[in-house]
Amino acid sequence: MRAQQLNVACACESVAATGQTGFYSGAPVFVSAAHLGEMKELIATIHRVVALPAFQAAVLAGAPPIARLPQRTHGVFAGFDFHVGADGPRLIEVNTNAGGALLNAVADWRHPDCCDENNSAVRVPASRASLESDFIAMFRNEWRLARGDRPLETVAIVDDQPAGQFLFPEFRLFEALLRAHGIDTLIVDAAALEYSRGELRFDGRAIDLVYNRLTDFYFTDPRHAALREAYLADAAVITPHPRAHALLADKRNLVRLTSPAYLRSLGVRASDVDVLQARIPQTRDVDGCAEAWWQDRKGWFFKPSTGFASRGAYRGDKITRRAFGEVMQGEYVAQRLAPPGERLRTVAGSNQMFKVDLRHYVYDGATLLMAARMYQGQTTNFRTAGGGFAPVIELCDG
């Protein structure tokens, strides 16, 4: 396809029109309209399956009790990550507190003439103003689903020691955006929250809604006791929440979604089973004979069942015996290797090839924004010189 040809041959550059630094790569990534349609179809299919009572019952039976608490809200910024190769897109994983959406929105990319909005052969990302409007509408909808017509007054953006987080600049951007729309917003260390008299509080102020950026998905850390109590008491709207993580982001769900017989037993329609099989690499629980897994390791990627951000993840063809022993003793899934895409770009005067994945930032089954992440090495990272977030340019004719 032409998109792949451009990705490995075109050296054009885009510029992020923002004061943020350290997050962006300068090369736009091309994707065909057909492949984009396939990714969106898969996202919609997964949401249909996850909505089935039989699927939810099976997943939640093995989830922590806190995840079984019914919720009216959907959860903001689910992230669906894809590798796109010659045979089309393949879903690698799903996250429920995917970072980077606002950083990509404010980049407000300036594209070369071949990729700008005046070229009818391409479709460029939505404007910053449009995306910010969509993000505000999403937060307000979460509040409306949970609290009806009551006014949303106070939001806390919550993480562990937020000022020390790599994406802290994005927290500041969200703080400014929400305040610009009349919502009092604070950035709060989760350990500083208090639950008292039926309210979640920080420094004496009641919190209406928590934008949850923690990776303690079920609030098991003692530092998160106040957040846990408030969630169990429905004292604050917390988004994304433990139930969303269990239903969407636990990697054991990929095992379920790539088992045709299991899906049919739940009543999943045949056309949806076909889509799931075609676009999610086969995923299995890592159990049984260690020696058999070792012999077959080169065709698999090993991931912790409840992991995130590529931590503890290993390519089977590069794994050491020591790391493999940890895999066999931990709770891991193995996913068939689906190589990432590639993108050429020039760094310090030298042409280099980067690996690429595509992230859809999703709310209630609909993509709000798509961004690329460019990197080198085994797993997605922001350490590569010349790597980082990049804009996605859709080719209307493939």
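The legends below describe close-up views of a predicted model.

View 1. The side chains of R373 and D81 are joined by a polar contact of 3.1 Å. Leaving aside neighbours within four places in sequence, the residues in contact with R373 include D81, K355, V356, D357 and R359. T380, G388 and F389 are also in contact with R373.

**View 2. The aromatic pair of F139 and F174.** The whole structure holds 17 aromatic pairs, and one of them is formed by F139 and F174. The ring centres of F139 and F174 are 6.1 Å apart and the planes stand at 75 degrees, so the pair is edge-to-face. F139 is in helix 5 (residues 128-147) and F174 in helix 6 (residues 168-180), 35 residues apart. F139 is buried, at 1% relative accessibility, and F174 is buried at 1% relative accessibility.

**View 3. The aromatic pair of W294 and F324.** The rings of W294 and F324 lie 5.0 Å centre to centre, with 65 degrees between the planes, and the pair is edge-to-face. W294 is in helix 12 (residues 290-296) and F324 is in helix 13 (residues 321-329), so the pair ties together parts that are 30 residues apart in sequence. Both W294 and F324 are buried.

**View 4. Charged ends over the ring of W294.** The charged end of R297 sits over this ring, 3.7 Å from the centre of the W294 ring. The charged end of R321 also sits over the ring of W294, at 4.0 Å from its centre.

**View 5. An aromatic cluster.** One cluster is formed by F77, F135, F139, F174, Y211 and Y361.

Definitions and conventions. Residues are numbered from 1 along each chain as its sequence is written. This is a predicted model: local features need pLDDT of at least 70, side-chain atom pairs count only at pLDDT 80 or more; totals for chains, interfaces and linings use all residues. Side-chain values use heavy atoms; hydrogens and water are left out. A polar contact is a pair of N or O atoms within 3.5 Å; within protein, one must be able to donate a hydrogen and the other to accept it, and residues adjacent in sequence count only if both atoms are side-chain atoms. Contact means heavy atoms within 4.5 Å. Rings of Phe, Tyr and Trp (its six-membered ring) pair if their centres lie within 6.5 Å; planes under 30 degrees apart count as stacked, over 60 as edge-to-face and the rest as tilted. Helices (H or I, at least four residues) and strands (E, at least two) are DSSP runs, numbered from the N terminus. Buried means under 20% relative accessible area, exposed over 50%, partly exposed in between (1.4 Å probe, protein chains only). A charge sits over a ring if NZ of Lys or CZ of Arg is within 6 Å of the ring centre and within 35 degrees of the ring normal.
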